[in-house]
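Please open the model in your viewer and get ready to select residues as we go. Each stop tells you what to pick and what you will find there.

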Amino acid sequence: MPKIELTPALRQEYENLFNSCIVRPENIQVVDDIVEKIKTNKNRYLGVSKFMGIPWYFIAVIHNMESGMNFTKHLHNGDPLTARTVQVPAGRPRQGNPPFTWEESAVDALTLRKIGASTDWSLSGMLYQMEGYNGWGYRLYHAHVLSPYLWGFSNHYTSGKYVKDGTWSDTAVSKQCGTAVVLRRLAEKGIIEFTDQPAPKVNERPLIVSYSATKPTDATIIKQGEDLQRWLNTYPGIFVKIDGWAGEKTSDAFKKVTGIFLPGDPRV
């Protein structure tokens, strides 16, 4: 398969998609459950992260996609650790004897793909590695569909997928949450930050919305909250869920941009 280069245009595409990514409402609880499971397993990912110089959350979202965060399966493709891999890439790890530890398999899978400390770990670089991990078939042969490996469960994906190697369906729908979507939710919750996303600087008059301790029901207030959240999301390093609720997370983001909490925040 031809190699896709990470051009400036592709970098901008990734950043635009990530900044405008919204989890579909019907999937938000599933995504939040994945985030909680990732938090629970963070120390396991940190072990491989520190050994290889790779962000722990990159390993986590790949692991979720390949095997639902099952630590009895290979990071390469979800095959059982009791034997070498059978699916592509087959026969991994080549060194050692089964059963393998999850850590042994993870190091082999990442090394095989030449992913390490010298990899570009900017936000766009990370999304590029995620798409490449699954393959470039969507981008090369079905460009009308953004890869669900990244964007499943978001506003950027509706249908279309490979139902098996080499077999495409325009109507099939991925039932997995994309890696970029989980990454976005981790950022929205303040669990992770990106090295290339600098602290925001105030350069325009901010939108003013009052803090709300409870989720609003008034359509006008919800619309104002959504507008504020969209505005905040235009700043590098700010990732706020667009739900119209100007609560604690939105107020925290507002403070990062303006230096103050929203009016009415009890922390003022």
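The tour below goes from salt bridges to helix pairs and then to backbone details.

**Before you start**

This is a predicted model, in which local features need pLDDT of at least 70 and side-chain atom pairs count only at pLDDT 80 or more, while totals for chains, interfaces and linings use all residues. Residues are numbered from 1 along each chain as its sequence is written, and side-chain values use heavy atoms, with hydrogens and water left out.

**Stop 1**

Select E188, in helix α9 (residues 179-188); helices here are DSSP runs of H or I with at least four residues, numbered from the N terminus. Is E188 buried or exposed? E188 is buried, at a relative accessible area of 10%; buried means under 20%, exposed over 50% and partly exposed in between, using a 1.4 Å probe and protein chains only.

The side chains of E188 and R185 form a salt bridge, with 2.6 Å from N to O; the term covers a side-chain nitrogen of Lys or Arg within 4 Å of a carboxyl oxygen of Asp or Glu. Both E188 and R185 are buried. They sit three residues apart in helix α9, so about one helical turn separates them.

Next, show the residues that E188 touches beyond four places away in sequence: F239, V240, K241 and K249. Contact here means heavy atoms within 4.5 Å.

**Stop 2**

Side chains of opposite charge can pair when their charged atoms come close. How many salt bridges does the structure hold? There are 13 salt bridges in the structure.

For one of them, select R92 and D108, whose closest N and O atoms are 2.9 Å apart. R92 is in the loop between α4 and α5 while D108 is in helix α5, so this pair ties together parts that are 16 residues apart in sequence. R92 counts as buried at 13% relative accessibility, and D108 is buried too, with a relative accessible area of 14%.

Move on to R267 and D265, whose side chains meet in a salt bridge at 2.9 Å, N to O. R267 is partly exposed, with a relative accessible area of 36%, whereas D265 is buried at 3%. Then select D32, R184, R185 and E188 together: salt bridges with shared partners join these residues into one network.

**Stop 3: helix pairs**

Two packed helices are described by the angle between their axes and the distance between the axes. The axes are lines fitted to C-alpha atoms, for helices over the stretch in contact, and angles run from 0 to 180 degrees between N-to-C directions.

Start with helix α2 (residues 28-40) and α9, whose axes come within 10 Å and cross at roughly 75°. That makes α2 roughly perpendicular to α9, a label for angles of 65 to 115 degrees; under 35 counts as roughly parallel, over 145 as roughly antiparallel and the rest as oblique. Show I28, V31, D32, I34, V35 and I38 in α2 where they meet V181, V182, R185 and L186 in α9.

Go next to helix α1 (residues 8-19) and helix α6 (residues 123-134), which pack at about 95° with axes 9 Å apart. These two helices are therefore roughly perpendicular to each other. Among the residues making the contact are Y14 and F18 of α1 and L127 and Y128 of α6.

Finish with helix α10 (residues 219-232) and helix α11 (residues 248-258), packed at an angle of about 45° with their axes 10 Å apart. α10 and α11 are therefore oblique to each other. Display L228, Q229, W231 and L232 in α10, which meet T250, A253, F254, V257 and T258 in α11.

**Stop 4: backbone details**

Zoom in on V88, in the loop between α4 (56-67) and α5 (102-112). V88 is exposed, with a relative accessible area of 69%. The peptide bond from V88 to P89 is cis, with omega near -5°. Return to R92 as well: the peptide bond from R92 to P93 is cis, with omega near -10°.

M69 counts as buried at 4% relative accessibility, whereas K114 is exposed at 75%.
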